[in-house]
Structure formats: structure tokens, C-alpha cells
Amino acid sequence: MSSFLAGGLFCALVGNVLLVVCLATDHWMQYRVSGSLAHQGLWRYCVATKCYLQTDSIAYWNATRALLILSAMFCFGGVIAGSLAFARFSIFEKFNRTFAAGIMFFISTFLLLLSMAIYTGVTLSFLGRRFGDWRFAWSYILGWVAMLLTFFAGIFYMCAYRMSECRRLTGPR
């Protein structure tokens with residue numbers, strides 16, 4: 001059980017860091033404008049070496065931002081609950097921290113998947129036609145990697161929960 005907890009906590013920590021980096025950086029998409037390279041993120045866009053804040057309130061950017069922030073919050077809550085799963089407090093006997101952490105990671109994964117799907121769908125259908133020479137960049141890829149890591153963190157914590165439940169039901173030998 002301890003190895004599942006450690007593996008889940010490792011995946012969760014790395015996934016949370018990647019999620020925050022993905023959310024904060026502005027390399028979601030790269031394209032060419034008037035012969036110069038440009039890139040954009042959720043918060044700002046840069047043309048050549050000059051960067052500008054995204055002041056437009058476009059629904060898919062707002063949805064992607066909100067879902068990513070909620071995903072990061074659930075992932076952080078899962079890290080806290082998962083860290084507490086290592087401790088043996090008598091206060092938490094009724095509250096199974098491994099199950100709670102697993103559920104939080106699955107909710108984080110779902111919100112992250114939803115935000116990445118919204119961004120991908122709108123980018124492919126609208127912005128892909130607007131800019132001829134474009135591609136997704138490394139911040140976008142980090143979002144997908146963070147989604148996989150939070151999913152595996154949830155799997156690890158659910159496996160640890162199942163192992164602890166099997167031990168609890170069979171009793172000590």
C-alpha cells in the first residue's frame with residue numbers, strides 16, 4: 001500500500017507542478033504574423049519580442065482558464081489529502097484519506113480534460129483557419145501530460161484504498 005501511496009504522491013506532485021506551469025505560461029500556440037513568429041497563451045500573446053495582455057473576454061479562453069484553475073485546486077487538495085494518508089491520526093479514522101485523494105485527482109483529471117478539449121476544439125475549428133502556419137506549443141503539451149499524471153495519481157490512490165479495504169475486511173492474521 002505504501003508504494004501505491006508514494007507513486008500516487010509523486011505523480012500528483014509532478015502533475016500539479018506541470019499544471020501550474022501550463023496555466024501560467026504563454027506558449028499554448030505558435031504562429032506567424034506578418035513574417036514574424038508569435039505565440040499565445042491563456043493570459044497574453046506575444047508578437048516578435050513584445051507581449052500584450054489578452055483583454056478580450058472570449059468565452060473559450062475564460063472557460064479554459066476557469067477549468068484549469070479549478071483543476072489545479074482539486075489537484076492541490078488531493079496532494080494535501082494524499083500526504084495526510086501517510087500519517088496515522090486517530091482523528092481521521094472515519095475519513096479515508098486515500099479514497100478522498102483519489103476522488104480529488106479524478107475530479108482534477110476530468111476538469112483538466114474538459115478544459116483541454118475546449119481549447120483544442122476551438123483552436124482547431126476557428127484559430128486553425130485564421131492562421132495558416134501554426135502549431136500547438138509546449139505549454140499546451142504540458143497540460144496533456146499533467147492530465148495523464150493526475151489520472152495515474154488517482155489510479156494509484158484508488159489501488160491503495162482497495163488494498164487497505166481488503167486488509168481491513170480480512171482482519172489481522
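Here's a quick tour of some strand pairings and a salt bridge in this structure. Keep in mind that you're looking at a predicted model. Strand β1 covers residues 29-33 and pairs with β2, and β1 also pairs with β5.

**β1 and β2**
- Strand β2 takes in residues 36-40 and runs antiparallel to β1, with five bridges joining the two.

**β1 and β5**
- Strand β5 spans residues 134-136 and is antiparallel to β1, with three bridges between them.
- Here you can look for Gln 30, which has Arg 135 as its bridge partner in β5.

- Side chains of opposite charge can pair when their charged atoms come close.
- In this model, Asp 26 forms a salt bridge with Arg 44, and their closest N and O atoms are 2.7 Å apart.
- This pair links distant parts of the chain, since Asp 26 sits in the loop between α1 (2-24) and β1, while Arg 44 belongs to strand β3 (residues 44-47), 18 residues apart.

**Buried or partly exposed?**
- Asp 26 counts as buried because its relative accessibility is 7%, and the cut-off for buried is under 20%.
- Arg 44 has a relative accessibility of 36%, so Arg 44 counts as partly exposed.

How values were computed. Residues numbered from 1 in each chain as written. Predicted model: local features only at pLDDT ≥ 70, side-chain atom pairs only at ≥ 80, totals over all residues. Heavy atoms only, no water. Pairing = 2+ DSSP bridges. Helix = DSSP H or I, 4+ residues; strand = E, 2+ residues; numbered from the N terminus. Salt bridge = Lys/Arg side-chain N within 4 Å of Asp/Glu carboxyl O. Buried < 20%, exposed > 50% of the residue type's maximum accessible area, 1.4 Å probe, protein only.
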